[in-house]
Protein chains: 2
Amino acid sequence: MPMKSDSHTSGEEEVFEAYLRRQGLKYTPARRQLLRSIFAVHDHFTAEQLIERLRAENVPASKATVYRTLAVMLACGILVMHDFGEGARYYEHTFGHAHHDHFFCVGCKSIKEFRDERIEALQEEVARKMGGELLAHSLKLYGLCTGCRNDPTARERSRSATTHRG
Amino acid sequence: MPMKSDSHTSGEEEVFEAYLRRQGLKYTPARRQLLRSIFAVHDHFTAEQLIERLRAENVPASKATVYRTLAVMLACGILVMHDFGEGARYYEHTFGHAHHDHFFCVGCKSIKEFRDERIEALQEEVARKMGGELLAHSLKLYGLCTGCRNDPTARERSRSATTHRG
DNA sequence: ATAGCTGCAAATGTTTTGCAGCCCG
DNA sequence: CGGGCTGCAAAACATTTGCAGCTAT
């Protein structure tokens, strides 16, 4: 029975380790713990939030290590980064997740995912028509989620947050 | 002849001044000069680039004033801000310009504009289906422009710049 | 007059980096 | 062993802010 006892790896660990080996990098305890912590849930988190979560889980990792590890994971492709213009960047693991876009609620800062094939196709078409080679794309919708639509506080707060988004 | 000699205002100045008055703010020399400098050309610029340009034009304006003035113009709506994940934010004046999206060349950092009504409509549709209220949206295509497609240097540089974009 | 501006410098907040010591392969 | 890690603290950035003096209205 080829089954390891404490392993719940759903593939990302193998991918990451293979990537590290390929690059001549090392799969250290810190990296293993970060990987597991990050893949334990599927959400969008900032470096700061991750650091706090690690602290709560008693995983010791300095700020520097967290940033450096995130960079390696980005390069590996199991993570993507999002910038919602909130100052800090958001990260999200993507292994096993198809590409998708985001709806960012400016009221509660919650993030919803969606995917629309028609939009995907149109983006390719636009890039092709412009003579460019599309390498990545990012579509973000900013607005008020169902909950915040009826919250006057959120509506008020949202005013300044949206005037200037391109 | 109702024509002022040194005035080439195409409307943005009136809009800005009206906005300032409405808000109980002042149309100072600094603001006037910044407005004119910004509207002299239609491009995408960072705060830093604007400061340099002002310096070259012998327009004295401190960093603080530039940032503060940009904020007022954003609130006024004659300017929008873009975040291409390059660290600094880009600004673009929009008075008289319809909303459009951007193609960002990761090779030479050039920016091309485009607008696709079908995508615009689909974004509204997506937001509506999700029960949210769409306040703003941002679509960015990252890739290599025609010129950079054949530049091995750009292609190389682009590798790290795109792996991680969501 | 007076509320709002401006410049300067200092503070902020996020992310990066230099360095000395540690550790995986 | 040795090249790659790690933590710490300092640096680097873009952006914001406190304050004292200046100025439009």
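Visitor: How are α1(A) and α4(A) oriented relative to each other?
Guide: In this predicted model, α1(A) and α4(A) are roughly perpendicular to each other. Helix α1 (residues 12–22) of chain A packs against α4(A) at an angle of about 95°, and their axes are 10 Å apart. An angle from 65 to 115 degrees counts as roughly perpendicular.

Visitor: Which residues in α1(A) and α4(A) meet?
Guide: From α1(A), the residues are Val15(A), Phe16(A), Tyr19(A) and Leu20(A); from α4(A), they are Val72(A), Met73(A), Ala75(A) and Cys76(A).

Visitor: Which residues of α4(A) are buried?
Guide: The buried residues are Val66(A), Thr69(A), Leu70(A), Val72(A), Met73(A), Leu74(A) and Cys76(A).

Visitor: What follows α4(A)?
Guide: Gly77(A) follows, and its phi is positive, near 95°.

Visitor: Turning to chain B, how far apart are the end C-alpha atoms of α4 there?
Guide: They are 20 Å apart in helix α4 (residues 63–76) of chain B, which agrees with the 20 Å that 14 residues should span at 1.5 Å a residue. The buried residues of α4(B) are Val66(B), Thr69(B), Leu70(B), Val72(B), Met73(B), Leu74(B) and Cys76(B). After α4(B) comes Gly77(B), with a positive phi near 95°.

Visitor: At what angle do α2 and α3 of chain B pack?
Guide: Helix α2 (residues 29–39) of chain B packs against helix α3 (residues 47–56) of chain B at about 105°, and the axes lie 11 Å apart. That angle makes α2(B) roughly perpendicular to α3(B). On the α2(B) side the contact is made by Leu34(B), Ser37(B) and Ile38(B), and on the α3(B) side by Leu50(B), Arg53(B) and Leu54(B). Four of these contact residues are nonpolar, one is polar and one is charged.

Visitor: Back to chain A: where is Ser37(A) found?
Guide: Ser37(A) is part of helix α2 (residues 29–39) of chain A.

Visitor: Is Ser37(A) buried or exposed?
Guide: Ser37(A) is buried, because its relative accessible area is 6% and buried means under 20%.

Visitor: What does Ser37(A) touch?
Guide: Leaving out residues up to four places away in sequence, Ser37(A) touches Arg53(A), Leu54(A) and Glu57(A). The C-alpha atoms of Ser37(A) and Ala47(A) are separated by 13 Å, with the two residues 10 apart along the chain.

Visitor: Another residue, then. Where does Asp116(A) lie?
Guide: Asp116(A) lies in the loop between β5 (111–114) and α5 (117–129) of chain A. Asp116(A) counts as buried, at 8% relative accessibility.

Visitor: Which side chain does the side chain of Asp116(A) join in a polar contact?
Guide: The side chain of Asp116(A) is joined to that of Arg118(A) by a polar contact of 2.7 Å.

Visitor: Finally, how many helices and strands are there in chain A?
Guide: Chain A has six helices and six strands, and from the N terminus on they run α-α-β-α-α-β-β-β-β-α-β-α. Of its 166 residues, 47% count as buried. Among contacts in chain A between residues at least 6 apart in sequence, 50% join residues at least 24 apart.

Definitions and conventions:
Residues numbered from 1 in each chain as written. Chains lettered and ligands numbered in written order. Predicted model: local features only at pLDDT ≥ 70, side-chain atom pairs only at ≥ 80, totals over all residues. Heavy atoms only, no water. Axes fitted to C-alpha atoms, helices over the stretch in contact; angles between N-to-C directions. Helix = DSSP H or I, 4+ residues; strand = E, 2+ residues; numbered from the N terminus. Parallel < 35°, antiparallel > 145°, perpendicular 65-115°, else oblique. Contact = heavy atoms within 4.5 Å. Nonpolar A, V, L, I, M, F, W, Y, C, P; charged D, E, K, R; others polar. Buried < 20%, exposed > 50% of the residue type's maximum accessible area, 1.4 Å probe, protein only. Polar contact = N/O pair within 3.5 Å; in protein donor to acceptor, adjacent residues only side chain to side chain. Expected span 1.5 Å × (residues − 1).
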